[in-house]
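The sequence and structure come before the details.

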Amino acid sequence: MTDAPGTRPPLVSHVSVGVTDLARAGAFYDAVMATLGARRIMEHQVGIGYGRAFPEFWAAYPHDGGAAEAGNGSHICFNAADPAAVAAFHVAGLGAGGSDDGAPGPRPEYAPGYFAAFLRDPDGNKVEAMCWVAPPPAT
């Protein structure tokens, strides 16, 4: 991948979550990534890479061969186009074996205009979709 002159690559190249069943994880992430305009970009025997143009997110078996465990206090947040995409992410994830960890809605405790939904994937990894909306007018 090349960068346009005068630009810098993003701070984070990609992130990965450990999974125990690649087919099950693939079904979940195929569903939620489609709502965000992303798709499977690469697939190996040990992992599936998702993104829009290159693999920015991986669902994979742990490299060390150990057990996959969800990180306590960690989560991955994906940018969504709008609140409808956030809601679609949530619905798709629930329909693909995920569990609810926060319904779509405003999160004023995070920042004015922050709109998000949270899921746990089938392995317990916490994922979020968010977008910015106009905050309510000050009273």
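## Terms and basis

Two strands count as paired if DSSP finds at least two bridges between them. Strands (E, at least two residues) and helices (H or I, at least four) are DSSP runs numbered from the N terminus.

The model is predicted: local features need pLDDT of at least 70, side-chain atom pairs count only at pLDDT 80 or more, and totals for chains, interfaces and linings use all residues. Residues are numbered from 1 along each chain as its sequence is written, and side-chain values use heavy atoms, without hydrogens and water.

## Sheet and helix

S2 and S3 (residues 47–51) pair in the antiparallel sense over four bridges, and Met42 stands opposite Gly49 in S3.

An open sheet of four strands runs in the order S1-S4-S3-S2, with mixed pairing. At its edges lie S1 (15–18) and S2 (39–43), each pairing on one side only. Neighbouring strands are turned by 25° against each other on average, direction ignored. Helix H1 (residues 22–34) packs on this sheet and touches S1, S2, S3 and S4 (57–60), contact meaning heavy atoms within 4.5 Å. The direction of H1 makes about 5° with that of S3; axes are lines fitted to C-alpha atoms, for helices over the stretch in contact, and angles run from 0 to 180 degrees between N-to-C directions.

## Largest pocket

A pocket is an open set of points on a 1 Å grid over the protein atoms alone, where a 1.4 Å probe fits, with protein on both sides within 12 Å along at least five of seven lines; lining residues have an atom within 4 Å of a point. The largest has a volume of about 380 Å³, the space filled by probe spheres set on the points. Of its 18 lining residues, Glu56, Phe57, Cys77, Phe78 and Asn79 are the closest to its centre.

S5 (76–79) gives the most to the lining, with four residues. The lining divides into 12 nonpolar, four polar and two charged residues, where Asp, Glu, Lys and Arg count as charged, Ala, Val, Leu, Ile, Met, Phe, Trp, Tyr, Cys and Pro as nonpolar, and the others, Gly among them, as polar.
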